[in-house]
Amino acid sequence: MTALEDCPLVIFIAYTVPADAEARGYSQWLRDVDMPFFNAIPGTGHYANWRVGDVLKGQPRPWDYFDFQGLNSEADLDRVWFDPGLDDFRKNWLKLWGYGAGEAPPVLRHSYLMRRVGERRPHTDLTLTLSGGTGPLPGAAGHVRWEVESVLHKHFGGASDKPWKTPASEGNPLGLDWLCATYGNAAPPHETAEFACRARLIAAPDRAPVSPS
């Protein structure tokens, strides 16, 4: 299994679920079903689920979970995004944790392709501070840094006339041009970040999970 920090490209999946999802076992479902499924997709090097905790800077975002899906190589993007098992998996996710038969909320309609910049920083922490901002990617000693390169449009989440991938420069619903992660429970946000939050690991292939609270 590849470490996330060794993956040249990472799909960032930010989303929310209904208020009763945790009471119905959402985190356990991520551990038992979601995380193993995505890590088994050929071309996926590392897939992990995180849950947002305290917002440290800026306004809360319309997502309270996020997943990192690291790719083994740049050539793996197409086959990962169009894996033949994904359509049925997505439909089942919407059935179990989605919002009924209506159109998915905007936050569920996109993912984001990010490119790691700078040196890798391996870690074993179960918590992190996720920081993000706009403009050029800043320097950041001790941070794992990514630039948001493209928007990946989830056509199953709502009607769209856009191609499946468009440059972030043409429109970026995430509202952030870069993200960086600092691992550890006391890690501070990046000083230039417009948004920052603490996050807790729910499921990953190489680490024990943190119990939900």
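Visitor: What makes strands S2 and S3 a pair, and in which sense do they run?

Guide: The model is predicted, so local features require pLDDT of at least 70 and side-chain atom pairs pLDDT 80 or more, while totals for chains, interfaces and linings use all residues. Numbering starts from 1 along each chain as its sequence is written, and side-chain values rest on heavy atoms, without hydrogens and water. Two strands pair if DSSP finds at least two bridges between them; S2 (residues 44-57) and S3 share seven, in the antiparallel sense. Within this pairing, Tyr-47 stands opposite Gln-69.

Visitor: Which residue of S3 is the bridge partner of Val-10?

Guide: Val-10 is partnered by Gly-70. Strand S1 (residues 9-15) is joined to S3 by seven bridges and is antiparallel to S3.

Visitor: Why is S3 called largely enclosed?

Guide: Seven of the seven residues of S3 (residues 65-71) are buried, and therefore the strand is largely enclosed by the rest of the structure. Buried means under 20% relative accessible area (1.4 Å probe, protein chains only). Tyr-65, Asp-67, Gln-69 and Leu-71 are buried on one side, and Phe-66, Phe-68 and Gly-70 on the other.

Visitor: Why is Thr-129 called buried?

Guide: Thr-129, in strand S5 (residues 127-133), has a relative accessible area of 0%, and is therefore buried.

Visitor: What polar contact joins the side chains of Thr-129 and Arg-198?

Guide: Their contact is at 2.5 Å, where the definition asks for a pair of N or O atoms within 3.5 Å, one able to donate a hydrogen and the other to accept it. The Thr-129 side chain also reaches the backbone oxygen of Ala-187 at 2.7 Å.

How values were computed:
Helix = DSSP H or I, 4+ residues; strand = E, 2+ residues; numbered from the N terminus. Buried < 20%, exposed > 50% of the residue type's maximum accessible area, 1.4 Å probe, protein only.
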